[in-house]
Amino acid sequence: MSKKKLDYSQFTARFGCGFLIGILIAGTVSIVYSAQTMGGLITAWVIFALVCGLLSAIFGDKFWQNIIHWIR
C-alpha cells in the first residue's frame, strides 16, 4: 500500500476545515466548562483549532469519520 503525498492545496483545504471545526469545538467546550477569562477562551480556540487542523490534514477522511462518530 503506497501512501499518496499531499500537495499544498489539499493540505491547505484539509487544515482549513479542521481549523474551523476546532474553533467550533473549542467554543462549545468553553461554554460548557465556563471559560473564566478571555485569555482562557482564546487559548482554547488556538489549541483546539491547531490540533484539529493538523489532525485533519494528516488523517483526512478518517479524522472526519471519527468526528462524526463522536458527535452522534
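Modeller: Helices (H or I, at least four residues) and strands (E, at least two) are DSSP runs, numbered from the N terminus, and in the protein chain they amount to three helices and zero strands, in the order α-α-α from the N terminus on. This is a predicted model, in which local features need pLDDT of at least 70 and side-chain atom pairs count only at pLDDT 80 or more, while totals for chains, interfaces and linings use all residues. Residues are numbered from 1 along each chain as its sequence is written, and side-chain values use heavy atoms, with hydrogens and water left out.

Biologist: What does the C-alpha trace of the protein chain span along its principal axes?

Modeller: The C-alpha trace spans about 45 × 25 × 15 Å along those axes.

Biologist: At what angle do the axes of helix α1 and α2 cross?

Modeller: Two packed helices are described by the angle between their axes and by the distance between those axes. Here the axes of helix α1 (residues 8–32) and α2 cross at roughly 145 degrees and come within 6 Å, where axes are lines fitted to C-alpha atoms, for helices over the stretch in contact, and angles run from 0 to 180 degrees between N-to-C directions. The crossing of α1 and α2 is right-handed, and the residues of the contact of α1 with α2 divide into 17 nonpolar, six polar and one charged. A crossing is right-handed if the near helix is turned clockwise from the far one by less than a right angle, and left-handed if anticlockwise; Ala, Val, Leu, Ile, Met, Phe, Trp, Tyr, Cys and Pro count as nonpolar, Asp, Glu, Lys and Arg as charged, and the others, Gly among them, as polar.

Biologist: What percentage of the 72 residues in the protein chain is buried?

Modeller: Buried residues make up 24% of the 72, with buried meaning under 20% relative accessible area, exposed over 50%, and partly exposed in between (1.4 Å probe, protein chains only).

Biologist: Why does Phe59 count as partly exposed?

Modeller: Phe59, which lies in helix α2, counts as partly exposed because its relative accessibility is 48%. Gln10, placed in helix α1, counts as partly exposed because its value is 31%, and Ser34, in the loop between α1 and α2, is partly exposed with a relative accessible area of 43%.

Biologist: How far apart in space are Ser34 and Leu55, and what separates the C-alpha atoms of Gln10 and Ala57?

Modeller: Ser34 and Leu55, 21 residues apart in sequence, lie 26 Å apart from C-alpha to C-alpha, whereas the C-alpha atoms of Gln10 and Ala57, 47 residues apart along the chain, are separated by 8.0 Å.
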